[in-house]
Each structure stands twice: as C-alpha cells, then as structure tokens.
Amino acid sequence: MNPTDSSAHPVVAGDFALEDAPNSACQPPVNAVDRAIESRQSMREFLPAPVPRALILHLLELASRAPSGTNTQPWKAYVLQGASKDSLAEKVCRAHDALRDNPALAADYREEYDYYPEKWVSPYIDRRRENGWGLYGLLGITKGDKDKMHAQHQRNYRFFDAPVGLMFTLDRVMGRGSLLDYGMFMQNLMVAARGHGLHTCPQAAWNGFAKIIMPHIGAGEQEMLVCGMSLGYADESALVNTFRTPRVSAAEFTTWLD
C-alpha cells in the first residue's frame with residue numbers, strides 16, 4: 001500500500017508495514033525490535049507524504065503499553081496536522097524571532113521544568129558540545145554565525161517539515177516520577193514508528209514557548225508542556241539526516257556486582 005494514497009480501501013493500522021515507507025532504510029531485520037531501536041535517530045528533514053490518522057492512533061496505542069507508576073498513565077497527546085500545525089509554527093517562529101531581536105523577552109518564555117542542569121560539568125558538557133558542533137559542522141555553520149544558527153534552530157518550530165507534530169502534556173499535580181513514565185511512553189512511540197518505516201524527532205526546544213502552545217492546542221490550565229515531537233517519513237537523502245550521534249559503550253557506564 002502506498003502511504004500517500006489511502007483512498008484504495010479503508011485505512012487499518014495493520015495494513016502498514018516497513019515496505020510502505022518511501023526511501024526507508026529500515027528493512028525487515030532478523031530481530032525487529034533490535035533493528036527498530038538501532039535505526040532510531042532524531043531526523044531533521046521530512047518528506048511531505050502524509051501519515052494516515054489510523055496509523056498515528058495505532059502508534060499511540062502501542063506507546064500506551066509503557067509502564068507507569070501504579071498504572072497512572074500520565075500522558076496526554078495532542079496531534080497537529082495541516083492548518084493547525086502550520087499556524088502554531090508561524091506563531092512560535094514569530095516569537096523566536098522577537099526573542100532574538102530582544103533578549104530581554106526571555107523572561108516571558110521560561111520552561112516549566114528544568115530539562116537541562118543549571119551548571120554543566122564534564123562529561124555532559126563535552127557530549128553536548130560534540131553534538132552541537134558535529135551537527136553545525138556538517139551543515140557548514142561556523143562558530144559565531146548567529147544568523148545561520150538561529151535559522152537552523154528555528155527548523156524545530158516548523159517540525160522540520162514533518163506532516164505530523166505532537167505535543168505532550170502532563171497534569172501539574174503529578175510528581176517528577178511521571179516524567180520517567182513519560183520517557184518510556186515516548187520511547188515506545190518512537191520505536192513503534194520505526195517499525196512502520198517512520199521517523200521522529202523528540203523536541204524539548206518547544207518548552208519555552210508553552211504560553212503560546214498550550215492555548216493553541218486547547219490544553220487545560222492544570223497541564224504543563226513536557227515536549228514536542230516531529231513524526232513522518234524522513235527524507236533520507238537530506239544531508240542533515242546523515243548526522244548520527246555516538247554512544248558511550250555499555251562497558252563504560254555499567255558496574256557489575258557479583
């Protein structure tokens with residue numbers, strides 16, 4: 001079935017398989033779960049091919065099998081497509097531009113929880129720098145080229161042209177443990193997406209613009225923004241999507257106690 005043509009017969013989530021994805025590098029593997037995990041990466045350029053609603057719903061159903069403390073299932077997902085996605089992108093891009101022009105506006109755009117530490121230390125700051133300059137270097141963006149950095153960062157707020165944008169929220173009454181639950185939910189979603197030939201990009205970059213995002217998606221006052229995500233068929237020919245981050249080996253972060 002061609003993912004760009006859902007008119008042939010009613011869309012059923014089970015209709016979609018790896019071969020349905022255009023230009024997908026994810027071929028049927030010996031161990032499908034291993035392959036889905038290993039091939040997951042944050043993609044930053046997507047094809048315009050639409051993702052049928054039934055498939056999105058199927059992925060969210062799979063994601064909801066994630067464990068959560070006492071089965072609280074704290075996740076809430078908002079799916080943006082078409083005009084709603086484009087309108088939000090325009091609003092946040094305007095705010096992002098205004099923030100560049102007037103840094104004093106930063107006080108108006110604060111995240112509701114600390115995603116990153118207040119003070120960076122090694123080895124985390126080293127990995128962060130390696131990641132940032134590795135990506136920018138690939139794209140020919142040099143240190144001090146603020147205009148190009150701003151433009152690349154703003155790609156986040158257009159969901160990297162993905163046809164589907166997601167926003168995830170959490171009721172403020174919940175504890176910090178619910179963010180752990182949320183991480184497992186999102187990982188389920190991203191791995192399930194790979195199993196259907198799709199790619200994703202989880203995005204904390206949206207968090208500072210919650211005051212714009214939350215009323216746009218119709219979230220309640222008791223909710224806080226956890227993060228956003230781009231979802232779609234990746235343009236695997238795009239230079240930016242050749243960037244793959246390294247990982248520390250398990251031997252380096254594991255202590256064995258016998």
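**Reading the chain**

Tutor: Let's begin with the surface: the chain has an accessible surface of about 14400 Å², and 53% of that belongs to carbon and sulfur atoms. Accessible areas come from the Shrake-Rupley method with a 1.4 Å probe, and for residues only the protein chains shown count as cover. Keep in mind that this is a predicted model, where local features need pLDDT of at least 70, side-chain atom pairs count only at pLDDT 80 or more, and totals for chains, interfaces and linings use all residues. Residues are numbered from 1 along each chain as its sequence is written, and side-chain values use heavy atoms, with hydrogens and water left out.

Student: What share of the residues counts as buried?

Tutor: Buried means under 20% relative accessible area, exposed means over 50%, and partly exposed is in between (1.4 Å probe, protein chains only). Here 42% of the 258 residues count as buried.

Student: How many helices and strands are there?

Tutor: Both are DSSP runs numbered from the N terminus: helices are H or I with at least four residues, strands are E with at least two. This chain has eight helices and four strands, and from the N terminus they run α-α-β-α-α-α-β-α-β-α-β-α.

Student: In what order do the strands sit in the sheet?

Tutor: Strands of a sheet pair through backbone hydrogen bonds, either parallel or antiparallel. Two strands pair if DSSP finds at least two bridges between them. In this model the four strands form an open sheet in the order 1-2-4-3, with antiparallel pairing. Strand 1 (76-80) and strand 3 (199-203) each have a single partner strand, so one side of each has no neighbour in the sheet. Further in, strand 2 (residues 164-171) and strand 4 (residues 223-232) pair over eight bridges, and Met-167 stands opposite Gly-228 in strand 4.

Student: How many aromatic pairs are there?

Tutor: Rings of Phe, Tyr and Trp (its six-membered ring) pair if their centres lie within 6.5 Å; planes under 30 degrees apart are stacked, over 60 edge-to-face, and the rest tilted. By that rule there are eleven aromatic pairs. Take Tyr-116 and Trp-120: their ring centres are 5.6 Å apart and their planes are at 40 degrees, so the pair is tilted. Tyr-116 is partly exposed, at 43% relative accessible area, and Trp-120 is partly exposed too, at 28%.

Student: Which residues are linked into a cluster by ring pairs?

Tutor: Those are Tyr-109, Tyr-157, Phe-159, Trp-206 and Phe-209.
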